[in-house]
Each structure stands twice: as C-alpha cells, then as structure tokens.
Amino acid sequence: MREQEGGGGSRGGREGRQELPPQSPEEQARAICLRLLTGSARTRRQLADALHKRGIPEEVSQEVLSRYEEVGLIDDAAFAGAWVESRHRGRGLARRALAQELRTKGVHATLVEEALEQLDSDQEEETARELVERKLRATRGLERDKRIRRLAGMLARKGYPEGMALRVVRRALEAEGQDPDDADGLGYPGE
C-alpha cells in the first residue's frame, strides 16, 4: 500500500516512496543481478564480481547465479557469440583481440574458442582490408614506409597477425598505385 500523498514530507530524500524493509542477502543478490542484466548481457564472472564487491556472501552469490543460469538469464556461450559478432563487425577486432576481451570478462576458454569459430580467416582478412581502405586516405602524402607502419600498426592493435596485416596493407597500396618494388625498410619482400 502506498502512503497518502501530501502532508507526508520527505523520507530520506525519496518523496512518495515507502521505506522498504531490509532485504535478505538472497534478495539483494537477485536485485543486483537483475539491475545489471537490464542494461546489457553479463557473464557469470562479471555478476559474481559485482556481488562480491557489494558484500554478498559467496554461497548466496553462487546459489543465485546458478539459478539464473538454469533459467537462461546468464548464458556465457550466448554472451561470447554475441560479443564476437558485435565487436568484429563494429570495431573490426580480430580473433586474438576478441579472445583477450572475452577472457578478461571471465568466459571459459572452451566457450571463447566456440564463439571464435564463427570467424574464419577469410572473413578476418576481409575486415582487415575494409579497415585499411578506410584509413588509407588519411595516410596519403606520407612516405610509403610510414604508411605501411601506420596501417599495419592499426591492424596490430586490433589483434591482426603481422603477416596478414602486412599483406593486406601492401595490396592496398599496390591497388592505389604505389610502386610495389619500393623498399619498405621492414625486411619483408613485396608479395
């Protein structure tokens, strides 16, 4: 029941709300998890860490998290799959960078590998080409060596293997009309 409005003054800065009785640790854990899951999907470890920070006992935390897994509110495999899809398409991240991000979020190694299986090397290389094409114009006017370093460095920061990065950058420069026989100073012969 709600208190009658008007004349009821402020209670702790929450006008129009009744004071709620103290919650049990289980209720607190459920409320914390639901609030966090409302904004976006989370891994079991992310939720466990949040509960730990808020002083929820470990046994209560594990019980609530296990129940949420049973009913499908927590699904690390689905989280990993969606993460790979989103971050690869949106940010152009390669398998290595995606694996690192998922590990830091507490996703088990087998689930990380399963999620990364949706990306094949052709897809990864195509994304690398698209990234280089977008950045190519910004490097015009620079020396070829500097362009190669900048473009390959950008791909490296996104987790692309060195060989693939250099191959994609060289091909993009060749397509643009740069002389492929120019020495690049990196010790790699032109492909």
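Visitor: What does "buried" mean here?
Guide: Buried means under 20% relative accessible area, exposed means over 50%, and partly exposed lies in between, with a 1.4 Å probe and protein chains only. Buried residues make up 35% of the 191 residues in the protein.

Visitor: What kind of model is this?
Guide: This is a predicted model, in which local features need pLDDT of at least 70, side-chain atom pairs count only at pLDDT 80 or more, and totals for chains, interfaces and linings use all residues. Residues are numbered from 1 along each chain as its sequence is written, and side-chain values use heavy atoms, with hydrogens and water left out.

Visitor: What is the average pLDDT?
Guide: The protein averages 86, and 81% of the residues score at least 70; pLDDT is the predictor's confidence in each residue, from 0 to 100.

Visitor: And where is the pLDDT below 50?
Guide: Residues 1-11 are one such stretch, with 7 contacts in the model beyond near neighbours in sequence. Residues 180-191 also fall below 50, with 20 such contacts. A contact means heavy atoms within 4.5 Å.

Visitor: Changing topic, how many helices and strands are there?
Guide: The protein has 9 helices and 0 strands. These are DSSP runs numbered from the N terminus: helices are H or I with at least four residues, strands E with at least two.

Visitor: Where does Leu34 lie?
Guide: Leu34 lies in helix 1, which covers residues 25-39.

Visitor: Is Leu34 buried, exposed or partly exposed?
Guide: Leu34 is partly exposed, with a relative accessible area of 42%.
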